[in-house]
Amino acid sequence: MVDMSVQIGRVSLANPVMPGSGTFGEGLDDVMDLNRLGAIVAKTITPEPREGSPLPRVVEYKDAFLGAIGIPNKGPEHFVREIASFYRQFSPPFVASISAPTVEAFGKIAADVSKPGIDILEINISCPNLEKDGKAFAMDPDATEKAIRRITECTDLPVWAKLSPNAGDAPTVAQAAEAGGAEALTVANAMVGMAIDAEAMRPRLGNITGGMTGPATKPVILFMAYQVARSVSIPVIGCGGISTAEDAIEYMLAGASAIQAGTVNFIHPAAMLDIIDGMEAYCRRKGIERVSDLTGALDDDEGMKLEQLAKSA
Amino acid sequence: MSEPAPKAAADLERFPVGEMIGTVVENTAVNDGYNHLVLDAPRGAATAKAGQFFHLLCPPTGEHTPFLRRPMSIYRIDRGQGRLEFLYKIVGGGTKALATLKAGDGLNIFGPLGVGFTLEDGWKHVLMVARGVGLATLAPLAELAAERDVRVTAILSARSPEFMMSEEYLRSVGAKVITVNDADGTSNVDDVERTVRGIVEAEGVDLLATCGSNRLLLMLQCLAREYGIAGQVALEQLMGCGIGMCFVCVLPFRTPDGLAYRRVCKDGPVFPIEEALSW
Ligand SMILES: Cc1cc2nc3c(=O)[nH]c(=O)nc-3n(C[C@H](O)[C@H](O)[C@H](O)COP(=O)(O)OP(=O)(O)OC[C@H]3O[C@@H](n4cnc5c(N)ncnc54)[C@H](O)[C@@H]3O)c2cc1C
Ligand SMILES: Cc1cc2nc3c(=O)[nH]c(=O)nc-3n(C[C@H](O)[C@H](O)[C@H](O)COP(=O)(O)O)c2cc1C
């Protein structure tokens, strides 16, 4: 028997696999047993209801998704009343994802959703900060620290900060989130991109820019998870291009304590169950007793340089 | 990337929606540009309803590598033989890839998905108006109506007579079929409107159902309002997940609170006709 449980700050998860925010919904309850997941992560909500981005909202690539959805949601009150209460029937910890345009608004929405049935707050800081000319919080260590600190003052729930791969210096932002009181870091959100229709001379997305996700992004985000895990002492949750158990294990080896699967849920809706089963099978095959032993187990001695090779020859 | 094997929960009652491999029985050209796909898919056939769709994982070919699934209406549900049929127009990479499938090949399908057509108790006569491949979506409604002893009249509109699909099939389930086409000018909206009015006034109609044409939608919307008849329209939109998670496939609708986006995959694809906007 492999012990599949992992500890993320104060919270113990039955296994390390959960959906990425915005890539999960109650529709999956008709497809699979949601009680098998490590945690359930809701779509981001904002202080004011939003209808979301203009159409079209997606462009697909051979192994990537470029989407501009614009966080459609009905606000915190509806979330607590309808969405959180629906998920109370399931046993995995329920993670709310929140976003806001100012530090104060972050604190307020954190307080508004700290209600029974909600176990963890994941903070989507990849959104424009109206106090800094719309520059995303996650691009800016100072804004990140202030937002996370304000949130932790307003809630007793564990706070996970979800970083952006668009920040130039990921470890600095990660350390700022840790200093602000985050209990874990989700690495990472989508990579900003755009697509153009040359014939029409028009952007392909109604929103012009969008977030790139899916398998093509894995090398970039995997490295970011590796780098961040080495620069903080709180757990990292890997998220970017994970489609299989092997992808998930790579993130664990790089230093992640748990993982989120996003775009793959659109293609293989029960993929998270295959990921859980595959991780367990891998541990069994390798004689690893606890899946948590995979975290940071990468042997990252560099390959031998030519000079060393010359000496030993 | 190694594809995970499809995982469909065994308990159909508790988990009615799933990923499954259908086996191609036939995948043949109906006429220029349209294919008819028949799949052996007992699990899917057992639960599918008229107006629902499946999300197909089109197989990558050398030339085409569709990443997302492609939504296709169920054209026919054959519960007896455990088969699902689709009628699709070859338009881009996904449908071109689909067209390469041969009998015996497996196709990964996910479903059944979405809200289909509803027939209320006491309804006696359904009038369907389908344009082009929109017929694929409406055909199962004819069969559902026949099962419930509801009379069906179908107006099929197409570019030219050789594009007229499924006339026979609809007649075989007891529908009265009227065909109109662009080649002889019978399909222009004013003429179709006259025909619809004639049927409504002479025979009485309880449901106007449509798919495939913006102009027909607008016309039927007006008539539904004028005569106080229920209307249902099946809509299409570029789609992501197919089960309401990603909010890619939204369209604007009239709601009591003004215009709002709704998901074609989860809130539809069949919507009350008065709520739809023309596109
Ligand atoms: C619920 C639903 C049921 C459908 N049922 C049928 C059916 O029974 N038969 C059939 O032939 N088609 C049907 N469609 C449309 C079908 O899904 C698209 O034609 C198909 O996805 C195109 O894929 P492609 O890769 O061949 O083309 P692409 O290269 O993806 O696109 C070619 C063109 O079609 C447009 N397009 C792509 N996807 C869609 C879409 N989902 N809806 C509308 N336009 C799209 C693109 O914008 C582009 O202009 C249905 C769509 C929906 C949403
Ligand atoms: C359609 C879509 C919607 C998303 N919505 C959100 C969101 O609301 N909040 C958020 O923090 N991340 C959102 N994400 C990002 C995912 O949670 C995840 O970080 C990203 O998809 C990378 O993982 P992946 O490569 O496995 O998809 C969204 C992604 C997609 C594809």
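**Close-up views of a ligand site and a domain contact**

**View 1. Composition of the shell around ligand 2.** The residues of the shell around ligand 2 comprise 9 nonpolar, 16 polar and 2 charged. The model shown is predicted. In total, 27 residues surround ligand 2. The closest of these residues are Gly20(A), Gly22(A), Thr213(A), Gly262(A) and Thr263(A).

**View 2. Chains and strands at the ligand 2 site.** Chains A and B both provide residues that surround ligand 2, so the site is shared between chains. Two elements give two or more residues each to the shell around ligand 2, namely strand S4 (40–45) and strand S6 (64–67) of chain A.

**View 3. The two domains of chain B.** The domain assignment divides chain B into domain 1 (18–113) and domain 2 (125–233). Between the C-alpha centres of domain 1 of chain B and domain 2 of chain B, the distance is 25 Å.

**View 4. The contact between the domains of chain B.** Contacts link 14 residues of domain 1 of chain B with 11 residues of domain 2 of chain B. On the side of domain 1 of chain B that touches domain 2 of chain B, at least two residues each are supplied by strand S1 (18–31), strand S5 (76–78) and strand S6 (83–89) of chain B. The largest share of this side, 4 residues, comes from S6(B). By class, the side of domain 1 of chain B that touches domain 2 of chain B consists of 9 nonpolar, 3 polar and 2 charged residues.

Technical notes: Residues are numbered from 1 along each chain as its sequence is written. Chains are lettered from A and ligands numbered from 1 in the order in which they are written. This is a predicted model: local features need pLDDT of at least 70, side-chain atom pairs count only at pLDDT 80 or more; totals for chains, interfaces and linings use all residues. A residue is near a molecule or strand if its C-beta atom, placed from the backbone, lies within 6 Å of it. Ala, Val, Leu, Ile, Met, Phe, Trp, Tyr, Cys and Pro count as nonpolar, Asp, Glu, Lys and Arg as charged, and the others, Gly among them, as polar. Domain bounds come from an automatic or database domain assignment. Two residues are in contact if their C-beta atoms, placed from the backbone, lie within 7 Å.
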